[in-house]
Amino acid sequence: MSNPTAPTDWKAPAMQKRIARRYAAERRFKALGLGAVLLSGFFLAFLLFVMVGNGARGFTYTHVAVPIDFKAMPLTIDAARLDDPDADQAIASAGLADIVAFAADEALGDGGSGLISENAWKEVRSEIKADPELLNGKSVFELPASSTIDIAAKEGAKGDLGARVDALKRDGRLSTGFHWPFFRNADATDPAVAGIWGALKGSVLTIFIAFLIAFPTGVLAALYLEEYAPRNRWTDLIEVSINNLAAVPSIIFGLLALAVFINWFGLCQASPLVGGLTLALMTMPVIVIASRNAIKSVPPSIRDAALGVGASPVQVVFHHVLPLALPGILTGTIIGMARALGETAPLLLVGMRAFIGDVPGGICSPSTVLPMQIFLWSDEVDRGFVEKTSAAIIVLLIVLLSMNALAIYLRNKFEKRW
Amino acid sequence: MSRGISTSLDANGFKTGRNPPVTFNAAVLLLLILGLALIGWLAGRARSAMLAGRSGSRLHSRPQYHGWYVALWLFAPAAIFLAIWSSVSPGLITNQVLTSPAAKSLPAFGFERSAILSDAREVAQGKAAKVRLPAAAPLVEPYETATHRYAWIGIAAMLALALAGGLYAFTRIRPDFRARTRVERIVMALLLLASLVAILTTFGIVLSLLFESLRFFSLVPVSELLFGTHWNPQSGAPVADTFGGIPLFWGTVLIGAVIAMIVAIPIGMMSAVYLTQYAAPTVRKWVKPCLEILAGVPTVVYGYFAALTVAPALRNFAVAIGIPNASTESALAAGIVMGVMIIPFVSSMADDSINAVPQAMRDGSLALGATPNETIRQVLIPAALPGVMGGILLAVSRAIGETMIVVMAAGLSANLTANPFASVTTVTAQIVKLLTGDQEFDSAKTLAAFALGLVLFLVTLLLNIVALRIVKKYREAYE
């Protein structure tokens, strides 16, 4: 500062060194930024890798070929009764389970019945019901293996178990294939028959209820606040409460639902109805905020033009503003619904964590949802459920990602830049 | 909903010999009046058009508004009646059953009485095939007659209301009748009603939390929950010194506000800086949605990931470097995974704030010869700091309210420890634990969950209000 007019000597070694240091800092900083982005990308990739790695095997299951000779071990049942509604009961009490266990012991050697799933006889039962002729002879059934054998066959095992599985493989008795019951069945304690269909249907019903309530309410509220609401203390209060509701932890909505819907109104516990109502309250603020942004982006000239040719304020909004804002509203709604679909915490509190072995029949029957099924299976001790859990996660992620992709597609296709 | 006036036909053979019960329920009735409303709509529209054609004068409102007017008069009163009737008729039916001679032998109070009544009701409505309790058998018949009777009263009254409303509206149709004004008034009322739902929800949350919490605080003093250091709730009567919330609050802060933020703030901020200042537009276009996928992954998936993969790895690491008390349910595992979940949130808030800094400040700094790095660190970030701070507060509020990750990965033992490899528990995890057991609803344990919920709600509310105020003030400064 002694001589402010002196020109800076850029060539001086001290200056050069300083510049080099500053540029190095610049490079370091940029690399740090890139590193942060890559690190988050790595987290995502690692998460997906672990889930797919674990879950891909969950879609398949190992079957053991077991010949059953019904001539040697007759199943005493009247063929005519097989068409009755209570045929399941009749076959069970005729002792099919014992026959299957005996056949497995005979075919697979000592302890053979332990190698197949305890529910394997139900598979035989449905095949018999489809084709009663099977009862008159000897035929080979592909029965689901027990979950220990299934894991050993897919991952390999050591010791006695490994030797046993290798022997079975050599005999050509083991086959691993795509496991349809995973998509057809509800929850069960046996990984061989546990499936996600019950949870999936519960999710669909729950989300349907949530959509039915949250979408109209949210859109109408947004229209009111954006188009008609006078600026006064009341509308301020509405606005503040919507903004705050959007940030309230989801578990608080669970407490609200427990206190109001279940203890006060006495609505059916653990049902898609209560779950849907809870999620509707949770998503409504999200839909309101997204809809308000979409409505805001419709230019005022549209409104002025409609008013100018004699439309009433209600006609302006419902004939012109709403259709133009709809793509944006739908995008926000789909994203909100995707969030609701992945939500677990509030539903834990309204009782949806119970074990439900049936596919829910209606909106008032007890049911579970897909994220809850994941949570329940993650607690199971049986190792067979580890891959089932990851498989269910893959299904959930695919559904959520396609919903989000649909939202992005809608936004890109229909969004207008005014 | 079906617990209203519903007696559905049973398909089993157990009730042969009896008259089939009246088969209707609220949903069917709703469809019925919707159908009637459609007819009313068509009729109103046609009549207004016809009147206009006959008198040759112009209609004040277009025909469909007359249609809507009739349809609304037909639908609304009947629907309101249906809602009220569905909620009162079970009580009326039970009252009538109780006056029947068969009800004399019922126990006077308590669980057994209601069990017998509900058993008989289920059989009468065809939901169950046969009674489970022998005492309920004589009550089935009175239940059936009562259900039958009130069902018919309900149907008749509802139809009468619908027809009366529809006829009233229908006769008012004239060419100069201002149907549109009236329909629009109803539409406006509907819009106002929809926006009131938000206020109702807020009040519902506050009141339900407050009400249950007050009941809890009548058993356990507020000061114990807020300042007690020992947490070990038991069912039954509250024992002294078991509802101290400090270990929970500490666990929540350790996981959500310390560990998660140590992960999320640097990574989120640096990602935002890189994406806004350095990355090419095409890179930004692809990387940003990928980051947002992280925010879209359900929390239960993160929880599973934390419990299955991260927690065991961290425990092995801790054991290897000789840390005592290393647990498979460590605070660190839950905190790190929660931080990863929060990254996109922090990143997008920082992104917004940095973008809101006027371009002139950035240009000025670069023009003076500062490198981009110096511009960002000495101009952009200080200028964007209030917005970033607001974003971080929102992120903290989200992290401490997060439930599934901590339920699955952080464990349930309430330890007051600063060792991140030890197990701690959080407010949300304890709420879930307290409410998913088998205890009755009024025990101190379940009420404690609501008190914890109230604390959580107030803290997140405070964080949100402060954060939004900071963000808003900051935006105004540059606008």
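1. Two residues are in contact if their C-beta atoms, placed from the backbone, lie within 7 Å. In chain A of this predicted model, take the contacts between residues at least 6 apart in sequence: 76% of these join residues at least 24 apart.

2. How confident is the predictor in chain A? The average pLDDT of chain A is 86, and 98% of the residues score at least 70. Within chain A, helix H2 (residues 87-93) has the lowest confidence, with a mean of 76. Helix H12 (residues 300-308) of chain A has the highest, at 94.

3. The secondary structure of chain A consists of 16 helices and three strands. Of its 418 residues, 45% count as buried.

4. The overall dimensions of chain A deserve a comment. Its radius of gyration is 31 Å, whereas a compact globule of 418 residues would have one near 22 Å. Along the principal axes, the C-alpha atoms of chain A fill a box of roughly 110 × 75 × 40 Å.

5. Chain B is divided into two parts: domain 1 covers 13-177 and domain 2 covers 246-478. Taken over C-alpha atoms, the centres of these two domains of chain B are 52 Å apart.

6. Where do the chains meet?

7. In soluble globular proteins, nonpolar side chains tend to be buried together. Here the largest nonpolar core has 195 residues. Ala257(A), Ala306(B), Ala334(B), Val337(B), Val346(B) and Ala409(B) have the most contacts inside this core. Helix H7 (residues 246-278) of chain B supplies the largest share of the core, 18 residues.

8. Which residues surround Ala409(B), leaving aside its neighbours within four places in sequence? Ala409(B) is in contact with Gly303(B), Ala306(B), Ala307(B), Ala311(B), Glu329(B), Ala333(B), Ala334(B) and Val337(B). Of these partners, Ala306(B), Ala334(B) and Val337(B) are also listed with Ala409(B) among the residues with the most contacts inside the largest core.

9. Another core lies apart from the largest one and has 26 residues. Among them are Ile68(A), Leu108(A), Trp121(A) and Ala145(A).

Conventions
Residues numbered from 1 in each chain as written. Chains lettered and ligands numbered in written order. Predicted model: local features only at pLDDT ≥ 70, side-chain atom pairs only at ≥ 80, totals over all residues. Domains from an automatic or database assignment. Helix = DSSP H or I, 4+ residues; strand = E, 2+ residues; numbered from the N terminus. Rg over C-alpha atoms; globule rule 2.2 N^0.38 Å. Buried ≥ 20, exposed ≤ 12 C-beta atoms within 10 Å, placed from the backbone. Core = buried A, V, L, I, M, F, W, Y, C linked by C-beta atoms within 7 Å. pLDDT = per-residue confidence, 0-100.
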